[in-house]
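Trainee: Please go closely through one part of this model with me, and give the cut-offs as you come to them.

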Amino acid sequence: MRLCVIGCGNVGRIIAKAIDEGTLRVDLKYYDRNPKKCEELGKPYSMNFEEFLEGCAIVLEAASQQAVRELGPKALEKADLIVLSVGALLDDELLSKLLDVAERFNKRIYVPSGAIAGLDAIKALSLVGIDEITLVTTKNPKALGVNVKERKVIFEGEAKEAVNKFPFNINVVAALSLAAKKPAKVKIVADPSVDKNIHEIYVKSKASDLHVRVENVPSPTNPKTSYLAALSVIELVREMEERLKVGT
Ligand SMILES: NC(=O)c1ccc[n+]([C@@H]2O[C@H](COP(=O)([O-])OP(=O)(O)OC[C@H]3O[C@@H](n4cnc5c(N)ncnc54)[C@H](O)[C@@H]3O)[C@@H](O)[C@H]2O)c1
């Protein structure tokens, strides 16, 4: 199976390491708008997107919301697509365009759990309707790109506005909203005393109430991205070839 990765950045590098260590057994190819990033990785890459897509079974977008917009539809004509910059999928027009291409070319779009836990239960609960879903994300100000000296709520609002204002920090709220089939409410807190990326999810529904708290170690090369996010992609790709599927 050939995995074609858009993005030779932090997640791209963790995927390459998983291949080198034998955790992931796939044939690998990269594409990035910045060739230097791919050269640093030392893995096969192409600067021509059409050529990059040749022979791909799965395309992993690990780049940006802009990459989902610009490259997602073309990728789906040739391969299944894993979207990590999930915030892009809260754009209704883009999502329906991607679903339309997937339908026409008989391909699938995968959204990994990324930096959070609990999507399995949230998807199941959506069958009886979710009354309320809220995400509270707390990160060090450096990871959020803001300068505050003490704990401060820097955003409170709806999912779509959050992913537009913080495109590299709050992708998880898009995954939550897609799983819950309703927009999640978001609070983003900058706290100089934390060195982890903390996500707290609160769900109220007829069947269950959930409170999930995830404390993630930031990736050393990109504090905005949690290590768990890359691991979740690796596990998703591994599971595609497994006979036993665990979780909803
Ligand atoms: N769903 C989640 O839970 C979750 C968690 C972590 C990261 N993410 C998202 O995954 C993406 C990758 O994260 P990362 O830490 O590897 O980022 P990164 O900045 O380290 O690397 C991104 C790479 O993609 C390239 N790139 C960006 N836009 C591109 C485009 N339009 N065309 C071609 N190449 C492009 C950049 O040059 C860079 O090399 C980010 O958008 C991030 O927000 C999602």
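Mentor: Strand S9 (residues 197-205) pairs with S10 in the antiparallel sense, over eight bridges, where strands are DSSP E runs of at least two residues and a pair needs at least two bridges. Within S10, Asp209 is the bridge partner of Lys204. This is a predicted model, with local features needing pLDDT of at least 70 and side-chain atom pairs pLDDT 80 or more, while totals for chains, interfaces and linings use all residues. Numbering starts from 1 along each chain, and side-chain values use heavy atoms, without hydrogens or water.

The two strands belong to an open sheet of five strands with mixed pairing, in the order S7-S8-S6-S9-S10, so that S10 (209-216), like S7 (152-158) at the other edge, pairs on one side only. From one strand to the next the twist averages 10°, with axes fitted to C-alpha atoms and angles running from 0 to 180 degrees.

Turning to the ligand, domain 1 (2-110) and domain 2 (119-217) both contribute residues to the shell around it, so the ligand lies between them; the bounds come from an automatic or database assignment. Of the 28 residues around the ligand (a heavy atom within 4 Å), Asp32, Ser64, Ser85, Asn171 and Thr225 come nearest. A polar side-chain atom of Thr225 lies 2.7 Å from a ligand oxygen atom, and a side-chain N or O atom of Ser64 is 2.8 Å from a ligand nitrogen atom, polar contacts being N or O pairs within 3.5 Å. Val11 instead places a backbone N or O atom 2.8 Å from an oxygen atom of the ligand.

Methods:
Polar contact = N/O pair within 3.5 Å; in protein donor to acceptor, adjacent residues only side chain to side chain. Helix = DSSP H or I, 4+ residues; strand = E, 2+ residues; numbered from the N terminus.
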